Amino acid sequence: MFSDKLSRYAAAAIQTLFNHTLSPESLTIQRTIPAFREFGDFSLVVFPLLKISRKSPEETARIIGEQLILLPEIAQYYVVKGFLNLKLSPQAIIAALGESAEIQPAAINKAELPVVLEFSSPNTNKPLHLGHIRNNLLGYSVAAILEAAGYKVHKVNLVNDRGIHICKSMLAWTLFANNETPESAGKKGDKLVGDYYVLFDKKYKEELAHLKSEGWSEEVAASKSLLMQQARDMLLKWEARDPEILRLWKQMNGWVYAGFDETYKTMGIHFDKIYYESETYLLGREIVNEGLKEKVFFKKEDGSVWVDLSEEGLDEKLLLRADGTSVYMTQDLGTAQLRINDFGTSRLLYVVGNEQNYHFEVLKLIFKKLGRPWAGNIFHLSYGMVELPEGKMKSREGTVVDADDLMAEMKATARSMTEELGKIDDFNSEEAENLYQTVGLGALKYFILKVDPRKNMMFDPRESIDFNGNTGPFIQYTYARIKSVLRKAGVYPGLNPDSFDAGLHPREHSIIVSLSLFSTMVNQAASELNPALLANFIYELAREYNQFYHELTILKEADENKRNLRLTISYQIAQVLKSGLNLLGIEVPERM
RNA sequence: GGUCCGGUAGCUCAGUUGGAUAGAGCAGCAGCCUUCUAAGCUGCGGGUCAGGCGUUCGAGUCGCCUCCGGAUCACCA
């Protein structure tokens with residue numbers, strides 16, 4: 001807000017003084033660093049202007065300052081070396097306060113393409129774990145932020161419900177389960193199916209070991225494996241729509257979806273549309289055939305289909321197996337095309353881990369080779385892994401942090417901490433449960449989202465996620481604290497700008513400037529697809545408010561104008577904290 | 001080995017796209033509740049920004065080299 005305006009003013013001043021036209025965006029205007037906050041709110045860096053002014057840095061800053069001080073919004077300027085510090089007038093500050101919690105969507109008038117945002121993309125063999133939590137939270141938050149910035153967003157999920165791996169769990173269940181069901185086992189369906197996937201792997205390894213003990217080599221043993229043979233047969237039958245196999249497949253998937261739905265619900269995640277690979281891979285095969293016909297792809301002697309990307313600096317990539325069955329890439333070709341068919345020309349965003357960078361590079365290149373005009377709209381929002389102190393999580397080795405368990409633990413921690421503090425003894429049990437859920441999940445979500453998505457992050461299960469300091473509960477607490485003050489204040493009159501001619505307390509002045517940056521931060525988080533920017537911004541704001549709160553009295557302030565101002569600031573801060581947290585998928589409690 | 005990503009305080013992370021004296025939290029120590037919610041606030045200690053060279057008025061940020069981690073290069077997904 002302010003910085004845009006100041007850029008324009010400075011550009012105009014430079015035009016007047018030096019008869020030189022510069023775009024406002026080319027100027028560097030930054031928030032004044034705290035050490036000089038007393039002398040300015042924003043600073044213009046004048047070093048790049050010396051060629052134009054042909055004067056010393058100090059002199060250049062001074063004459064621009066002299067020009068700017070003529071504006072009513074600028075109260076004073078102060079030159080330090082090559083920095084022109086500008087202090088805003090109390091009237092300008094007060095005027096900004098009223099609209100500080102509003103988001104001005106930057107994309108709304110730019111005719112931006114709608115966004116189809118894929119996230120979650122679970123595999124029906126694997127119960128959701130901490131890695132999926134990061135994916136889901138990122139996807140959900142990025143969608144919310146893009147919408148706030150004025151984009152039309154379609155949230156889509158792609159369920160990986162077909163393929164050789166799915167046949168493995170089906171086979172293991174057929175052979176070893178004795179018709180066990182989630183009900184009979186007392187287990188969530190996704191957990192039950194996941195257990196059979198792990199069991200397949202175990203039995204397969206036993207079989208391999210046995211074969212090798214008979215003297216076969218690794219490769220021969222793999223080819224002689226009866227279990228693998230049966231799984232492959234099952235995939236062939238599945239692709240041939242064998243009724244018996246389809247029936248089993250539907251049954252087991254139904255169990256998994258019931259389990260997933262429960263986890264999504266707790267996480268607070270939902271989608272506008274769910275795609276299933278079982279429905280998209282056929283279109284993928286058509287695209288492969290189209291590419292074959294147009295000689296973009298080629299067939300090897302064994303019948304398998306490939307694309308040659310050596311000209312692009314990559315290698316050959318398989319698109320269809322020799323037996324005609326599909327691979328991952330096959331279905332992703334179909335899925336992308338289907339989304340364009342469903343939503344028209346769009347930006348296709350994929351929230352997928354950075355381990356698949358290569359896959360998406362290939363996907364883009366293939367569509368480019370096929371001449372799709374929208375190939376350039378594919379964007380892989382590649383996020384880093386969640387690592388444990390021992391290293392990467394591995395489903396098959398059981399070193400995963402289960403999503404359901406973790407969320408339950410967070411809630412339990414919130415419960416014990418709340419009980420210890422004893423502030424909500426008048427809550428009924430439903431209100432209390434809601435609070436534990438809100439705070440526990442708030443801690444988890446913030447913990448994940450405050451980290452730059454592109455970077456790997458560390459999670460140590462032995463150290464519980466903090467509730468103090470730079471955390472979700474800290475921000476929630478600040479919100480609840482403000483609400484408590486506002487409840488006690490009751491109704492209060494609006495502000496009279498003229499009553500602040502003498503100036504504002506530095507804390508008041510500074511926090512309003514911080515507040516005014518909210519809308520810019522949301523738009524920046526949207527253009528960078530980075531919720532962490534927003535998370536860290538609202539944390540700083542909450543921290544600043546707590547300092548304000550400790551230093552100044554609000555309700556007991558005798559001067560009515562000051563009391564009103566502080567209440568208004570408190571209200572606006574609460575609004576921003578709430579809306580900022582909501583953009584991260586985090587709820588706020590009215591009391592805690 | 002090729003390609004890509006990363007390395008900032010004991011630990012976990014920021015660092016506004018090249019700007020001023022590199023910041024938070026946690027952990028440690030010392031204070032602050034008769035007063036608007038102490039899940040808070042204040043203070044102290046803690047740094048060769050992996051290392052080197054370069055570009056620049058100015059480099060944690062850009063370029064090159066080296067070292068160290070990770071991912072990927074599957075008829076797995």
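Which polar side-chain atom lies 2.7 Å from a sugar or linking oxygen of RNA strand B? That atom belongs to N160, and I will start from there. What we are looking at is a predicted model, in which local features need pLDDT of at least 70 and side-chain atom pairs count only at pLDDT 80 or more, while totals for chains, interfaces and linings use all residues. Residues are numbered from 1 along each chain as its sequence is written, chains are lettered from A and ligands numbered from 1 in the order in which they are written, and side-chain values use heavy atoms, with hydrogens and water left out.

Elements giving two or more residues to the surface near RNA strand B include α6 (164–176), α17 (472–489) and α20 (531–551); here helices (H or I, at least four residues) and strands (E, at least two) are DSSP runs, numbered from the N terminus.

Altogether 68 residues surround RNA strand B, the closest being D302, K423, R481, E528 and K556, where a residue is near the strand if one of its heavy atoms lies within 4 Å of it. Of the RNA atoms that come within 4 Å of the protein, sugar and phosphate account for 61%.

The largest pocket has a volume of about 1,200 Å³, and among its 45 lining residues, N123, K126, N160, E355 and Q356 are the closest to its centre. Strand β11 (347–353) gives the largest share of that lining, four residues.

The second largest pocket has a volume of about 510 Å³ and is lined by 18 residues, with R31, R37, S510, S514 and E544 nearest its centre. Both α18 and α20 supply at least two residues of this lining.

Finally, consider helix α4 (residues 90–97), which is largely enclosed by the rest of the structure because six of its eight residues are buried, meaning under 20% relative accessible area (1.4 Å probe, protein chains only). The buried ones are P90, A92, I93, I94, A96 and L97, and they pack against α1 (2–18), β4 (83–88), α18 (506–516) and α21 (560–583), with contact meaning heavy atoms within 4.5 Å.

Notes: Buried < 20%, exposed > 50% of the residue type's maximum accessible area, 1.4 Å probe, protein only. Polar contact = N/O pair within 3.5 Å; in protein donor to acceptor, adjacent residues only side chain to side chain. 1 Å grid on protein atoms, 1.4 Å probe; cavity = no way out; pocket = protein on both sides within 12 Å on 5 of 7 lines; lining within 4 Å. Points joined across faces, edges and corners; volume = space filled by probe spheres on them.
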